[in-house]
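User: I am new to this structure and would like to learn how to read its features, one at a time. Could you take me through them slowly, with the general idea before each case?

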Amino acid sequence: MSNSHLLNTYTQWPVSFVSGEGAYLKDEKGGSYLDFVGGIAVNALGYKDPGLTKALNEVLDSGVLHVSNLYYNAYVLRAAEKLASLSGMEKVFFCNSGAEANEAALKLARKWGSGKNKSTIISMIDSFHGRTYAAVTATGQKKYHQHFAPLPSGFVYAHFNDLDSVKTLVDEQTCAIIVEPIQGEGGIIPATEEFLHGLRDLCDKHDLLLIYDEVQCGMGRSGRPFAHQLYGVKPDILTTAKALAGGVPAGAMLTRGSANDVFVPGDHASTFGGNALAARGVCYMCDRLEDEAFLAHVEAMGSYLRKKLDELQAQFPDLITDVRGAGLINGMAISIPPKEVVAKCFERKLLVLSAGSDVVRFVPPLIITEKEIDAAVRILQESLKGLSS
């Protein structure tokens with residue numbers, strides 16, 4: 001296996017996966033890995049889900065993967081209706097990724113503000129919104145900005161969960177606030193209820209758009225269809241991707257109220273957005289997330305995982321400094337570089353990843369079981385023993 005023709009854009013582990021089933025992946029040598037990465041919160045249904053496979057095969061068998069957005073396809077209208085209903089939003093724009101969804105949201109906010117002489121967007125320190133130019137500028141982490149100047153202007157950064165820090169930045173030029181209800185790449189940090197309610201009140205008072213980035217924490221990951229539903233605070237714009245189509249590349253920006261009619265034909269587009277394959281995947285994922293028993297399973301497994309991580313913290317108090325999360329998006333803050341834990345787990349065929357500078361992240365398939373959580377925690381325990389001596 002040679003990577004000589006791939007651009008050096010990723011730090012990759014020396015393994016190639018060729019098949020999977022449930023929460024397990026198999027490499028080309030037959031090795032089996034328990035997956036608590038889930039394609040970075042993409043593979044919500046794990047691998048070889050029979051319902052998703054059947055749904056996608058409907059499209060493959062039809063021979064019509066793409067017809068362009070000059071026309072409708074067989075699934076896109078149904079996907080939009082289902083997604084709007086599930087999220088509590090009203091209108092949908094389909095694209096291919098989280099970064100694209102956030103680019104659309106940022107463009108819409110700027111157009112909405114253009115007639116009011118408003119253009120500044122407030123983001124949060126330690127946020128992550130994508131790698132394209134506007135999305136990476138909205139990302140409140142300097143490490144992602146290095147070497148790419150000049151970045152687009154008109155972005156300022158407040159402290160997450162610190163409402164006063166947001167208030168000090170609002171002025172007559174502010175048009176929108178973008179926030180993750182649960183910060184993902186920043187370290188798995190849930191927003192407080194006070195913070196999200198305060199942002200909503202602030203936006204209503206000053207005539208601003210509130211944008212929720214639910215690219216990672218949406219689509220059932222929190223134990224609700226969307227994480228903001230844990231708080232009961234609606235945004236004006238919502239972005240989602242990752243698990244949106246069950247593993248097929250897909251993203252979406254959703255709007256409600258005054259944000260619904262900002263874009264007109266020619267303002268924004270996405271060649272592959274809402275293609276039949278992705279739209280069919282969206283329909284199937286929405287069907288699964290309408291099942292209260294499925295969401296109850298996510299909540300139960302998340303609580304069980306956090307309980308087991310709390311027990312590990314009691315065993316390794318010098319290594320583990322915090323356990324936090326919601327549903328099946330969870331983090332374990334540690335006092336050593338997370339990559340050391342990730343590497344030890346990889347050696348034992350458990351896939352985990354880092355978040356922020358000091359967090360081991362757990363975003364397994366939402367179908368994960370107690371037995372699989374127990375297996376993962378045993379591997380974590382053995383890995384931490386090796387690092388604590």
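User: Which helices and strands each supply at least two residues of the lining of the second largest pocket?

Analyst: Please keep in mind throughout that this is a predicted model. The lining of the second largest pocket draws at least two residues from each of α3 (76–87), β4 (91–95) and β12 (251–255). The space in this pocket comes to about 820 Å³, and among its 28 lining residues those closest to the centre are Asn69, Val92, Phe93, Phe94 and His268.

User: How many residues of each class are in that lining?

Analyst: Sorted by class, the lining of the second largest pocket holds 17 nonpolar residues, together with eight polar and three charged ones.

User: How many salt bridges does a search of the whole structure find?

Analyst: The general idea is that side chains of opposite charge can pair when their charged atoms come close. In this structure, the search finds 12 salt bridges. One of them joins Glu58 to Arg280, with 3.0 Å between the closest N and O atoms. Glu58 belongs to helix α2 (residues 50–62) and Arg280 to helix α8 (residues 276–289), so that this pair links distant parts of the chain, 222 residues apart.

User: Which residue meets Lys82 in a salt bridge, and where do the two partners lie?

Analyst: The side chain of Lys82 meets that of Asp287, at 2.6 Å from N to O. Because Asp287 lies in helix α8 and Lys82 in helix α3, their pair ties together parts that are 205 residues apart in sequence. Lys82 counts as buried at 19% relative accessibility, while Asp287 is partly exposed, its relative accessible area being 33%.

User: What can be said of the salt bridge between Asp267 and Lys111?

Analyst: Here the N to O distance is 2.5 Å. Asp267 is partly exposed at 24% relative accessibility, and Lys111 is partly exposed at 32%.

User: Which residues are linked in a network of salt bridges?

Analyst: Arg200, Asp204 and Asp236 are linked in such a network.

How values were computed: Residues are numbered from 1 along each chain as its sequence is written. This is a predicted model: local features need pLDDT of at least 70, side-chain atom pairs count only at pLDDT 80 or more; totals for chains, interfaces and linings use all residues. Side-chain values use heavy atoms; hydrogens and water are left out. On a 1 Å grid over the protein atoms alone, a cavity is a set of points where a 1.4 Å probe fits but cannot get out, and a pocket is an open set with protein on both sides within 12 Å along at least five of seven lines; lining residues have an atom within 4 Å of a point. Grid points are joined across faces, edges and corners, and a volume is the space filled by probe spheres set on the points. Helices (H or I, at least four residues) and strands (E, at least two) are DSSP runs, numbered from the N terminus. Ala, Val, Leu, Ile, Met, Phe, Trp, Tyr, Cys and Pro count as nonpolar, Asp, Glu, Lys and Arg as charged, and the others, Gly among them, as polar. A salt bridge is a side-chain nitrogen of Lys or Arg within 4 Å of a carboxyl oxygen of Asp or Glu. Buried means under 20% relative accessible area, exposed over 50%, partly exposed in between (1.4 Å probe, protein chains only).
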